[in-house]
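Subject: Structure for you to look through

Dear colleague,

I am passing on the structure below, together with an account of what was found in it. Please keep it open beside you while you read, and look up each residue as it comes.

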Amino acid sequence: MRRRLKNIRHNYIHQITTSLVKAKPEYVVMENLNTCGMLKNRKLSKAIQEQLFYEFKKQMEYKCALNDIKFILADTFYPSSKTCSICGALKNKLSLSERTFICDECGYEIDRDLNASINLKNYGKSIA
Ligand SMILES: [Zn+2]
């Protein structure tokens, strides 16, 4: 049973990473594992979450290399979630329960994960 579950997870990650690479991006940016952020999914143990993350990262890196796509790992301290993707202002605090990012400087409102994704895209563009 454990083995079966492992295979299902493995296949799922395989499908996702393949579909991402098929979109032929110029580059892919990933952040290192944020254990704190991932703990919000309480149904999965921390160990499994870490294992899934590293499996995902490994496959992504491998498939990017095969397809001539630049793979960028963002600096661990890059504040992708706390930075406003419009004006660049940095928030002091953004708790995990805040799912919407609201900028203190310009008032911009956006989904927290989308904001972080845009920041990572720009991060990649600046060094790609
Ligand atoms: Zn702003």
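In helix α3, the buried residues are Q49, F53, E55, K57, Q59, M60, K63 and C64, where buried means under 20% relative accessible area, exposed means over 50%, and partly exposed lies in between, with a 1.4 Å probe and protein chains only. Helices (H or I, at least four residues) and strands (E, at least two) are DSSP runs that are numbered from the N terminus. Please bear in mind that this is a predicted model, in which local features need pLDDT of at least 70 and side-chain atom pairs count only at pLDDT 80 or more, while totals for chains, interfaces and linings use all residues. Residues are numbered from 1 along each chain as its sequence is written, and side-chain values use heavy atoms, with hydrogens and water left out.

Helix α3 has 21 residues and reaches 30 Å from its first C-alpha to its last, close to the 30 Å expected, the expected span being 1.5 Å times one less than the number of residues. After α3 comes D68, whose phi is positive, near 60°, although D68 is a residue other than glycine. D68 is found in the loop between α3 and β2, and its relative accessible area of 76% makes it exposed. K24 is likewise not a glycine and has a positive phi of about 50°; its place is in the loop between α1 and β1, and K24 is exposed, with a relative accessible area of 71%.

Next, the salt bridges. Side chains of opposite charge can pair when their charged atoms come close. A salt bridge here is a side-chain nitrogen of Lys or Arg within 4 Å of a carboxyl oxygen of Asp or Glu, and a search of the whole structure finds three of them.

Because E55 and K58 are three residues apart in helix α3, they are separated by about one helical turn. E55 is buried, with a relative accessible area of 18%, whereas K58 counts as exposed at 55%.

Another salt bridge joins D104 to K91, with the closest N and O atoms 3.1 Å apart. This pair links distant parts of the chain, since D104 is in the loop between β3 and β4 and K91 is in the loop between β2 and β3, 13 residues apart. D104 counts as exposed at 61% relative accessibility, while K91 counts as buried at 10%.

There is also a salt bridge between the side chains of D113 and R99, at 3.0 Å from N to O. It too links distant parts of the chain, with D113 in helix α4 and R99 in the loop between β2 and β3, 14 residues apart.

Which residues coordinate the zinc ion? They are C84, C87, C103 and C106, each through its SG atom, at 2.3 Å; donors are N, O and S atoms within 2.8 Å of the metal (3.2 Å for Na, K and Ca), and water is not among the atoms, so sites may look incomplete. The angles among the four donor atoms are 107 to 115°, and the site is tetrahedral, a term that applies to four donors if all angles lie between 85 and 135 degrees. Along the chain, the donors follow the spacing C-x2-C-x15-C-x2-C. C84 lies in the loop between β2 and β3 and C106 in the loop between β3 and β4, so the pair ties together parts that are 22 residues apart in sequence. C84 counts as buried at 2% relative accessibility, but C106 is partly exposed at 40%.

Finally, please look at helix α4, where R112, N115, A116, N119, L120, Y123 and G124 are buried. The buried residues of α4 pack against β1, β2, β3 and β4. N115 has 0% relative accessibility and counts as buried. Leaving aside residues up to four places away in sequence, N115 touches S80, S81, T83, C84, S85, F101 and I110, contact meaning heavy atoms within 4.5 Å.

Methods
Tetrahedral: all angles 85-135°; square planar, octahedral: opposite > 155°, others 65-115°.
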